[in-house]
Amino acid sequence: MKVEGLRCEALCNPIGVDFRAPRLTWRMQSGRRHTMQTAYRVIVSTQEASIAARQGDVFDSGRVESARNVCDVAGVAFASATRYFWSVCVWDNHGEQAWADSAAWWETGLLRLEDWDGAYFIEPPQRAQFATQQMVKDFRVYEELPDTERCVPCQLMRREFLLQKPVKKARAYATAHGLYRLEINGQRVGDLELTPEPTCYDKYLQYQTYDVTGMLQEGPNAVGLHIAPGWWSGIIGLYSASCQYGDKISALLKLVITFTDGTSMEICSDGSFVSAQSPYCYAEIYMGEKYDANLDQPGWSSPGFHAAGWKEVTCLPGGKDVLRGQNAEPIRVRETYPHKCVLKTPKGDTIIDFGQVTSGKAHIAFSGVPGTAVTFHYTQQLNEHGEYSLNITGNYNQATDTFVLGPEGKGIHEPLFVYHGFRYVMVRGDVQLDEENIWALSISSNVAQAGTFRCSDARVNRLQENIRWSFFGNFIGIPTDNPDRERAGWTGDAQMVVETACYNLGIEAFWRRWLAMMRLEQRADGKIPFIVPNWRSYDESDERRGKNTAAGWGDACIIVPWMHYQRYGDVRILEENYAMMEKWMEYAAGQAALNPPDIGELAPERAEHLKYIWNTGWQYGDWLTPSDCTDENGNFRYLPRKWPLKYFTPSCFYVYSADLMAKIAGLLHKPEDVQRYRQLAQKIREACHAELFDENGMPKEDRQGAQVFALFFHIAPEGCEEKILNHLLELMRENGGRMDTGFSSTQYLPDVLTSHGHVRQAYDCLFNTQPPSWLYEVERGATGIWEGWQAVMPDGSVNPVSFLQCANGVIGNWLFSTVAGIRPDAPGFSAIRICPELDERLSSAQASYDCVHGRIESAWQIEDGMMTLRATIPANTTAVVSLPEAAGETVTESGAPLQSAQGVLSVQAMGERLEVRVGSGDYRFVYPLAAQAKA
């Protein structure tokens, strides 16, 4: 037996975190089947040698009789800026005992406000950012300003200092009102991107911690800060608005140095820093950057630099009470890959094709005449003529970077403070490209890839790759909708994709941090804003138009924590967010109690029902339902002709959230709340039956989405589910077998079909190649998930939508849970279900998922009528492996009769399936299929 995978709050050896009662977890590995943990012991020390000696002078849990692979280190007053080493010993049911092979650690950041004493936000002399005024219509901003007025230069700040002793340890703690990059002695510090990441600066500002021990030297040293507007004051979002949090940029730094003799010193951001304008004439995340190499100041962050003309900075009061440690994976360059080709368009433009749509930036080396201005125009898709076309609308969203060559006539374009959603880059300017020195840098939050999926159909494999790229391209500090137009943390998109995202990415800490921001952004009346962080321009514009929140979007405050708990088994996510959930439910109740002003006089019974129907205010309904996104001539339109299921959808999510709240209250031992929310859910259902369904028990809205909602949310009147299901199938047949579901209902459609015994129809949705469908996108060359099902029309014309958006990638959940069959049977996968569903169009499928206990694998293959299913179940869990079309006497496991196989705990026939309960281990089931999967 081995103990491995030690994590602190789901992070591997994190630095600069501010967890006050950190949760430590681990995994077991065993070559023996049915291995379960029976006890553990966790020790914590500030000395690695103590851990090696099995001594915990900071914390020692003692032997704890428990199967849980979790220990909360509570009741310890942790010190700031301190590394804590820890290890764990585990006992199992076979009588074995094992310590982790090596100690793990976490390092605290600056836990108390006074730890920042001496450091100020320092502000260089600068022109204030122009505060754009919004006049928004049809998602466009009508205002024109020259770049010189609407953009401001980036800024440099520096300081030199002398070290007279050898350095033992040094840490830099830094953040900015804006974006920053830190340099020491002429070198970049760390490899993080876009720090301090998108955040609600006024309520939750992350700082980053860097180990800079090896970067300092005895004698002269220098530290530099390079800062840009970023999300603080730059032009961002749908409304192309600036100054979300302020109009001038500043930075905060504390450098703590410990010498080998035990003494220490601090270098703080204060009035000793001087500043100058950066060679980046502007850096706007949405517009792009302009870099003028003629303005470069080589060596500006090195000691001995002649800082003539540099100006004093201003020390700003306050701003430090909202500081938080990183507490989740930082943004980094995830993948670097070469360009596919350089092509000439019919018009003669030079375009670099990187072969894959991604989020990030290009690295392009080139040369030309000094002073030449070269522009780099990013886009996700060429038009039907093979020409450059900026596929995203919106003023100021130019996605264009400019590089002005310096005296040497050579340059490397690699943006510093912006990122783009792109596959193609058009290069304009009289320069020569160095084709051996061109590649793409894909950036994302540095989360692990949690799951893999492959099957016998190459198109489906490409679809899974598109889903993976879409998640990595949109999980950039926050869960964004797309990396090109808005890059905003839309709550509705997040709740739609949370299950699929968890199968693909290791995002336990990521979700928890985002939910912490959501709690801070919740309005006093309980509203959850459309986006988190809630940018001022969205809030103000939405307030004017009466669309601050909507059902299905605000419900993310309940759905995301609930799905997080199901995936990771950490009940704290429910405890931390329960008050937010309650406030949202109170707001929803208040909205449901309102009636439309033109409803007229009501009978008492109907008036009572209408208290529980949410039929007022702004609602997205079943957003982007395909049939509503075409005009009378069949042409694509982004904004629907009408909002489908506008007042059907809200009550569905209202009852769903009430059901979830009853379950959550039970887990949190709140019996009165359990009863209250159960009663609320029942009243909403009764009201739905009266108001949203006709006398025959059918949804009044004759749309696929309405039937899906009725079935998934269990609001169909008693005895009506079958005819609602049949009507759903009829509507799909009338639509040529295609789905016509919007953002909200598409996520549930495959599961509804599967759970009601129509697996083949769910597979039909997967394998359909006519729009709207996933394989239509694949066959049209998609390398990411499209925002609109017909982003590229059958005639090849290109529509102005994102080509890298997660929302329509929700089929990924079904690929893992149904095609491969990996599902949780208990929160955190402490119990697992392997239950693949077959279809003759696939001869094999395999998937893996790294749950909190270890790797789960499911792989099945059909050859000559024989079924082989391999399953890997991690230690400290059990699983039910459900074998389709299997009879007990014909099944072998690893060559032995099933009933006598080691690790098999029970066998039970369930219809045409055989349910085999097993302990941990690797299993191989082989048997002849009773019949091939049929229509």
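This is a predicted model: local features need pLDDT of at least 70, side-chain atom pairs count only at pLDDT 80 or more; totals for chains, interfaces and linings use all residues.
Residues are numbered from 1 along each chain as its sequence is written, and side-chain values use heavy atoms, with hydrogens and water left out.

T35 lies in the loop between β3 (23-29) and β4 (37-45); strands are DSSP runs of E with at least two residues, helices are runs of H or I with at least four, and both are numbered from the N terminus. With a relative accessibility of 0%, T35 is buried. Buried means under 20% relative accessible area, exposed over 50%, and partly exposed in between, for a 1.4 Å probe and protein chains only. Apart from neighbours within four places in sequence, T35 is in contact (heavy atoms within 4.5 Å) with M28, S30, D92, N93, H94, A875, N876 and S920. A polar atom of the T35 side chain lies 2.9 Å from the backbone oxygen of R32. C154 is 119 residues from T35 in sequence, and the two C-alpha atoms are 58 Å apart.

A pair of aromatic rings is described by the distance of the centres and the angle of the planes. Rings of Phe, Tyr and Trp (its six-membered ring) pair if their centres lie within 6.5 Å; planes under 30 degrees apart count as stacked, over 60 as edge-to-face, and the rest as tilted. By this rule there are 55 aromatic pairs. One of them is the stacked pair of F712 and Y748, at 3.9 Å centre to centre with 20° between the planes. F712 belongs to helix α13 (residues 704-712) and Y748 to the loop between α15 (743-746) and α16 (749-755), so this pair links distant parts of the chain, 36 residues apart. F712 is partly exposed at 25% relative accessible area, whereas Y748 is buried at 5%.

F829 and Y849 form a tilted pair, with 5.1 Å between centres and 45° between planes. Because F829 is in the loop between β40 (822-824) and β41 (831-834) and Y849 is in strand β42 (residues 844-851), the pair ties together parts 20 residues apart in sequence. F829 is buried, with a relative accessible area of 0%, and Y849 is buried at 1%. Elsewhere, ring pairs join W490, F530, W535, Y538, W553, W618, Y620 and W623 into a cluster.

Charges over rings come last. The criterion is NZ of Lys or CZ of Arg within 6 Å of the ring centre and within 35 degrees of the ring normal. The charged end of R63 sits over the ring of W91, 4.4 Å from its centre. R676 lies over the face of Y677, 4.5 Å from the ring centre.

Methods. A polar contact is a pair of N or O atoms within 3.5 Å; within protein, one must be able to donate a hydrogen and the other to accept it, and residues adjacent in sequence count only if both atoms are side-chain atoms.
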